[in-house]
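Student: Hi, could you walk me through a structure that I have not looked at before?

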Amino acid sequence: MLFRSLQYPVAMFGALKAGLIIVNTNPLYTPDEMKHQFSDSGAKAIVILSNFAYRLETILSETEIKHIIITDIGDMLSGFKGALVNFVVKNIKKMVPKYRLPNAIMFKTCLQAGKSLTFNSVEISSEDIDRKSTRLNSSHTDISRMPSSA
């Protein structure tokens, strides 16, 4: 659940490179709308802006989401500028409501961990596509059949 931010293309290309299917979600969705989209798509992971993490907390137990990556608005900005933006957003403008997602990983931590990894190509075949769940002109995508990265 990212909007126009530098984190979006980084997360999107990383997910595509890993062979995952992306389900875009409007960050302004209510918790009920989020629950419906996440349940309907079978989402297993989410990258979410900290400003909206409190909404995820309320519905997390009702979804299949197991992996949570949280990012702050200034995470992709240079050192001081990013820290300043994050401080102002959290402490001065108070735009980040309190939330508790103990198993969440911070976006910057993921980027640091990823620097030491090597890329292993994912083989995808026509068998990886579940033709019954492919819906044209639909507002969501079925991610229940993700290719394995063996």
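Tutor: What follows is a conversation about this model, starting with its overall layout.

Student: Where does the model come from, and how are residues numbered?

Tutor: This is a predicted model, in which local features need pLDDT of at least 70 and side-chain atom pairs count only at pLDDT 80 or more, while totals for chains, interfaces and linings use all residues. Residues are numbered from 1 along each chain as its sequence is written, and side-chain values use heavy atoms, with hydrogens and water left out.

Student: Okay, how many helices and strands are there?

Tutor: The protein chain has five helices and three strands, where helices (H or I, at least four residues) and strands (E, at least two) are DSSP runs numbered from the N terminus. Read from the N terminus on, the elements follow the order α-α-β-α-β-α-β-α.

Student: And how much of the chain is buried?

Tutor: Of its 150 residues, 29% count as buried; buried means under 20% relative accessible area, exposed means over 50%, and partly exposed is in between, with a 1.4 Å probe and protein chains only.

Student: Which residues touch the most others in the largest nonpolar core?

Tutor: That core has 18 residues, and Met-1, Phe-38, Ile-46, Ile-48, Leu-56, Ile-65 and Ile-68 touch the most other members. A nonpolar core here is a set of buried Ala, Val, Leu, Ile, Met, Phe, Trp, Tyr and Cys residues joined through side-chain atoms within 4.5 Å.

Student: Which elements give two or more residues to it?

Tutor: Helix H2 (31–41), strand S1 (45–49), helix H3 (53–59) and strand S2 (67–71) do.

Student: What does Ile-46 touch?

Tutor: Leaving aside residues up to four places away in sequence, Ile-46 touches Met-1, Phe-38, Leu-56, Ile-65, His-67, Ile-68 and Ile-69, a contact being heavy atoms within 4.5 Å.

Student: New topic: which residues of H1 are buried?

Tutor: Gln-7, Ala-11 and Ala-15 are buried in H1. Seen down the axis of H1, these buried residues fall within an arc of 55°, so they line one face of the helix; the arc is that of the directions from the helix axis to the C-beta atoms. The face turned away from that buried side carries the exposed residues Phe-13 and Lys-17.

Student: What covers the buried residues of H1?

Tutor: The cover includes S1, S2 and H5.

Student: How many residues line the largest pocket, and which lie nearest its centre?

Tutor: The lining has 44 residues, of which Ala-11, Gly-14, Ala-15, Leu-20 and Ile-69 lie nearest the centre. On a 1 Å grid over the protein atoms alone, a pocket is an open set of points where a 1.4 Å probe fits, with protein on both sides within 12 Å along at least five of seven lines, and lining residues have an atom within 4 Å of a point.

Student: Let's switch to loops: where does Lys-94 lie?

Tutor: Lys-94 lies in the loop between helix H4 (79–92) and strand S3 (105–106). Lys-94 has a positive phi of about 50° although it is not a glycine, and Lys-94 is exposed, with a relative accessible area of 62%. Most residues other than glycine have a negative phi.

Student: Is Val-89 buried or exposed?

Tutor: Val-89, whose place is in helix H4, is buried, with a relative accessible area of 10%. Not counting residues up to four places away in sequence, Val-89 touches Asn-51, Ile-73, Lys-94, Met-95 and Val-96.
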